[in-house]
Amino acid sequence: ILFVCSKRILHAVKSEGCSSDAVTDRTDNNSLVVRKLKMILHIIEAKKNNHKPILLETYIQNDSIDSVVLEAPVPICGSLDVLTSPQGASVFIDGVNRGTTPLFIDKMLIGQYELCLVKDGCADMIKTIDIVENDTLSIDEVFSPAKEILVKTDRYGDSLFVNDRYV
């Protein structure tokens with residue numbers, strides 16, 4: 001069990017053959033200290049990236065509590081609305097196919113993502129997007145027709161990259 005208590009990482013430990021609980025506390029120099037819990041107010045926090053932390057203030061005393069139950073951290077979300085002309089483009093977010101346009105994604109975790117729009121016969125569109133809490137990011141892109149390019153080389157084994165992508 002991982003807790004952040006008073007801005008330090010604590011692991012709850014039950015002593016075998018002993019009636020008292022203890023916690024192990026990693027200090028700044030990463031040494032491990034075992035100490036008994038005293039009747040004091042503890043602030044316990046559950047954290048997860050892109051989620052609202054959950055705080056619990058509780059008094060803990062030897063033999064008075066076996067466990068502490070915290071709600072799961074709440075996701076911080078926004079949404080994404082993607083339109084293209086023509087419609088039917090595949091939408092990839094961080095390399096994962098999320099569907100085709102028109103596409104609305106609700107409850108998307110906040111943060112930065114790579115958006116890639118792919119449509120046969122058209123040039124791919126790649127951009128970085130930022131999803132913001134309680135906001136809808138609207139993307140409306142018009143595809144350009146793809147152009148055929150002929151590449152000739154006189155050396156065997158050359159590699160071809162377009163927009164930093166191997167083709």
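Predicted model: local features only at pLDDT ≥ 70, side-chain atom pairs only at ≥ 80, totals over all residues.

Ile149 is found in the loop that runs between strand 15 (136-142) and strand 16 (161-162).

Together with Val151, Leu160, Val162 and Val167, Ile149 makes a nonpolar surface patch, for which the computed area is about 460 Å².

## Lys107 in strand 12

Lys107, which lies in strand 12, has a relative accessibility of 66% and therefore also counts as exposed. When neighbours within four places in sequence are left aside, the residues in contact with Lys107 are Cys77 and Gly78. Although Cys77 and Lys107 are 30 residues apart along the chain, a distance of 5.0 Å separates their C-alpha atoms.

## The largest nonpolar core

The largest nonpolar core has 17 residues, and those with the most contacts inside it are Leu80, Val91, Ile93, Met108, Leu115, Leu117 and Ile129. At least two residues of this core are supplied by each of strand 9 (77-85), strand 10 (90-93), strand 12 (103-109), strand 13 (111-118) and strand 14 (125-131).

Val91, one of the residues with the most contacts inside the core, touches Val82, Val96, Asn97, Arg98, Gly99, Thr101, Leu103, Leu115, Cys116 and Leu117, if residues up to four places away in sequence are not counted.

Terms used. Residues numbered from 1 in each chain as written. Heavy atoms only, no water. Core = buried A, V, L, I, M, F, W, Y, C linked by side-chain atoms within 4.5 Å. Buried < 20%, exposed > 50% of the residue type's maximum accessible area, 1.4 Å probe, protein only. Helix = DSSP H or I, 4+ residues; strand = E, 2+ residues; numbered from the N terminus. Contact = heavy atoms within 4.5 Å. Patch = residues over 30% accessible without salt bridge, like charges linked within 9 Å, V, L, I, M, F, W, Y side chains within 5 Å. Areas by Shrake-Rupley, 256 points an atom, 1.4 Å probe, with all protein chains shown as cover. Salt bridge = Lys/Arg side-chain N within 4 Å of Asp/Glu carboxyl O.
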